[in-house]
Amino acid sequence: IFSIILIVLLLLMPRIISLLHRLGTVLLFKGEKAIVRGNPIESLQLLLIDAKDTLKRVKAKIASVDAVRIDMIQSGENAQTTAQQKYDLAKRFTTQSAELDEKAQQSDASHDTEKSNAFKRDAKETRTKAFLVGKEGEAEELNARSYAQYANQFAKVLEVLKDNESAARIYVSTLDSSISIIQKKMEATNKMKNATDGLAEVFNIIDSWVFQEAMGGAT
């Protein structure tokens, strides 16, 4: 019998644990709700603190993302300027290589082989420089395009963050106003309660405790 009971308990263990977990969660939630109901102003003030912290974090993230966006824009502009400088340099080297080729031909015409070979070597090196510098210019231009795309993406992220900042600011304002309204209502209610305390004795109302309980409940 004990073995059967033990086996049944082992088989039902997952369900029992799940039931106990759900029961504990419900009881904890009820207790938390009771605490919040008993301390409404303090609970709202805690929410307000969290909301303000969230707003601060969003503002800090906006500043960080905006700084990166500005840096991307500046980097793109610098890359474009560098690309143009590389292209200009490549054109200059191309012109120089053409001039060296012409000098080599002139040296060949005058049968000065040594000068002709030197001019040809210089022309070849200069054309290589023009080619490499041109490739560097293309790479810088690609970088400039990439930076522009990154800046555009960060601008979109920035808009989302600004929407979040606006929502957080609205939430903070709502909580702040709600706390102010409730505090004023509670202040008025407490004044009313203090004013009604002792009225039963003053007016010699029969069953004064009924009067006090009714007024307290209404308040």
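Glu141 has a relative accessible area of 23%, and is therefore partly exposed. In this predicted model, Glu141 is joined to Arg145 by a salt bridge in which the closest N and O atoms lie 3.6 Å apart. Both residues belong to helix H3, and because they are 4 residues apart there, about one helical turn separates them.

**Confidence and overall form**

The mean pLDDT of the protein is 88, with 99% of its residues reaching 70 or more. Among the elements, helix H2 has the highest mean pLDDT, at 92, whereas helix H4, which covers residues 199–202, has the lowest, at 70.

The protein contains 5 helices and 0 strands, so that, by the assignment used here, the pattern read along the sequence is α-α-α-α-α. How does the radius of gyration of the protein stand against that of a compact globule of 219 residues? The protein has 41 Å, while a compact globule with that number of residues would have a value near 17 Å. Taken along the principal axes, the box filled by the C-alpha atoms is roughly 140 × 70 × 15 Å.

Of the 219 residues in the protein, 17% are buried. The accessible surface comes to about 16500 Å², and carbon and sulfur atoms account for 60% of that surface. When contacts with a separation of 6 or more are considered, 75% of them are between residues 24 or more positions apart.

**Nonpolar cores**

The largest nonpolar core has 9 residues, namely Ile41, Leu44, Leu48, Ala51, Leu55, Ala168, Val172, Leu175 and Ile179. Helix H2, spanning 40–109, and helix H3, spanning 113–196, each supply at least two residues of this core, and H2 gives the most to it, with 5 residues. Apart from this core lies another, of 5 residues, which include Val58, Ile62, Val65 and Leu158.

Val58, one of the residues of that other core, is placed in helix H2. Its relative accessibility is 13%, and because residues under 20% count as buried, Val58 is classed as buried. Leaving aside residues up to four places away in sequence, Val58 touches Leu161, Asn164 and Glu165. Gln153, on the other hand, is 95 residues from Val58 along the chain, and the C-alpha atoms of these two residues are separated by 18 Å.

**Salt bridges**

| Pair | N to O distance |
|---|---|
| Glu136 and Lys86 | 2.7 Å |
| Asp108 and Lys120 | 3.5 Å |
| Glu141 and Arg145 | 3.6 Å |

The side chains of Glu136 and Lys86 meet in a salt bridge at 2.7 Å, and this pair links distant parts of the chain, given that Glu136 is in helix H3 and Lys86 in helix H2, 50 residues apart. Are the two partners buried or partly exposed? With a relative accessibility of 37%, Glu136 counts as partly exposed, and Lys86, at 24%, likewise counts as partly exposed.

Asp108 and Lys120 also meet through their side chains, here at 3.5 Å from N to O. This pair, too, links distant parts of the chain, with Asp108 in helix H2 and Lys120 in helix H3, 12 residues apart. Asp108 has 35% relative accessibility and so counts as partly exposed, and Lys120, for which the value is 40%, is also partly exposed.

Ser107 has its place in helix H2.

Conventions. Residues are numbered from 1 along each chain as its sequence is written. This is a predicted model: local features need pLDDT of at least 70, side-chain atom pairs count only at pLDDT 80 or more; totals for chains, interfaces and linings use all residues. Side-chain values use heavy atoms; hydrogens and water are left out. A nonpolar core is a set of buried Ala, Val, Leu, Ile, Met, Phe, Trp, Tyr and Cys residues joined through side-chain atoms within 4.5 Å. Buried means under 20% relative accessible area, exposed over 50%, partly exposed in between (1.4 Å probe, protein chains only). A salt bridge is a side-chain nitrogen of Lys or Arg within 4 Å of a carboxyl oxygen of Asp or Glu. Contact means heavy atoms within 4.5 Å. The radius of gyration is taken over C-alpha atoms; the globule rule is 2.2 Å times the number of residues to the power 0.38. Accessible areas come from the Shrake-Rupley method with a 1.4 Å probe; for residues, only the protein chains shown count as cover. pLDDT is the predictor's confidence in each residue, from 0 to 100.
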